[in-house]
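Visitor: Could you take me through the reading of a sheet and of the pockets in a protein model?

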Amino acid sequence: MNLRIVVLPGDGIGPEVTTQAVAVLQTVSDVCGYEFRFESHHIGGIAIEKEGMPLPEKTLAACLEADAVLLGAVGAKKFDGLSGERRPEAGLLALRQALGSFANLRPVKAYEAIADCSPLREDVTRGANILIVRELLGGLYFGQPRGLSEDGLSASNTMRYHADEVERVAHVAFQEARRRKHLVTSVDKANVLETSQLWRRIVGSVAKQYPDVRVEHSYVDSFSMQLVSSPALYDVVLTENLFGDILSDEAAVISGSLGMLASASVGGKVELYEPVHGSAPDIAGKGLANPFGAIQSAAMLLHYTAGLYHESEEIMRAVERTLSRGLITRDLSGRRNRPPVPADAIGQAVVETVSDLLQMQMAYHAV
Ligand code: IPM
Ligand code: MN
């Protein structure tokens, strides 16, 4: 198995967490005798500093040639004053658009080992295992027209969806549900927005092609409340771009911290993998970053891009074992009387565990 992976560490804690994710992938490659090649490029604030734009042509060209892209985070305080296209975030949005990956998968799970790290009660989160399928290339993020008026006193964004955009992401959600608990909850605001009325109609018609999957429709305001009061009731949650952005950060409290969440963007030319957390400039360079989101994004890469399901599961298992050993980062340790562990020590623990798990398996097959 050969894989060419472009790594975009980006800003803030991005480089720290991607280093750990790459170490885990390298271990899989070494132990299993695969050939994973990594190539790093700039994106976001660091790209603006070094190359004058948030998504340099060299970066984009390398991504388009790759089998997969693994990204850290973008965003830096220094550029907060900039508008629109010149912001670090514009680099990420342009990359998502160029790669064409329209379905952003964000798994959220209540890990037993860190159940007491969540601000939610354990009896509330127990058993929760959700996959948020966020539409990634439409809605308010990309709709035209948009902009600030010349006098700076008014601004507008356009929420627009075409039936085809809803249909393609709905298929991804229903197909994922077939591998899970066969339930899709589609979240919209159809009591007010026409885009949501379209969304609901199209999702309903796609659902007819999946008679084995139950479909529910929920309004985003009430759903955002249900999500943290009864998270175990849900399976696949399908929603548009901005709702998905907001709901996935909210859902992170089910896991204990935003730092735990991984994502895969699929459906386009090249798949993009990134943790859900941002660049967290306040803790950058201090060893306090949580690498689990990036490491689990690497596991998703092996699943979705490489079809290495077993290796992907072993990374997930290694993450759970590491958590069970009490190795947690500062974002998780707040509620516990336990000292936080730096990102590189977490990465090292996952690397060793993955290596043991894979070697054990190989020894077993060799007998
Ligand atoms: C995310 C992030 C991005 C988004 C930002 C950094 C542009 O918040 O991936 O959730 O809004 O999509
Ligand atoms: Mn977000």
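This is a predicted model: local features need pLDDT of at least 70, side-chain atom pairs count only at pLDDT 80 or more; totals for chains, interfaces and linings use all residues.

Guide: Residues are numbered from 1 along each chain as its sequence is written, chains are lettered from A and ligands numbered from 1 in the order in which they are written, and side-chain values use heavy atoms, with hydrogens and water left out.

Visitor: What is the order of the strands in the open sheet?

Guide: Strands of a sheet pair through backbone hydrogen bonds, either parallel or antiparallel. Here an open sheet of 10 strands runs in the order β2-β1-β3-β12-β11-β4-β5-β10-β8-β9, with mixed pairing; pairing requires at least two DSSP bridges between two strands, and the elements are DSSP runs numbered from the N terminus (helices H or I, at least four residues; strands E, at least two). The edge strands, each pairing on one side only, are β2 (35-40) and β9 (214-219).

Visitor: Which strand does β8 join, and what packs on the sheet?

Guide: Strand β8 (residues 183-188) is joined to β9 by six bridges, and the two run parallel, with Asp188 standing opposite Tyr219 in β9. Helix α6 (residues 163-178) packs on the sheet, touching β4 (103-109), β5 (129-135), β8, β9 and β10 (236-239), where contact means heavy atoms within 4.5 Å. The direction of α6 makes about 165° with that of β5, with axes fitted to C-alpha atoms (for helices over the stretch in contact) and angles running from 0 to 180 degrees between N-to-C directions.

Visitor: How much space lies in the largest pocket, and what lines that pocket?

Guide: Rolling a probe the size of a water molecule over the atoms shows where empty space is left. A pocket is an open set of points on a 1 Å grid over the protein atoms alone, where a 1.4 Å probe fits, with protein on both sides within 12 Å along at least five of seven lines, and lining residues have an atom within 4 Å of a point. The largest pocket holds about 1,100 Å³ of space, a volume being the space filled by probe spheres set on the points. Of its 40 lining residues, Arg87, Glu89, Ala90, Leu93 and Tyr141 are the closest to the centre, and α4 gives the most to the lining, with eight residues.

Visitor: Which residues lie nearest the centre of the second largest pocket?

Guide: They are Pro107, Asn129, Arg180, His303 and Met316, among 25 lining residues. This pocket has about 670 Å³ of space, and α11 gives the most to its lining, with six residues.
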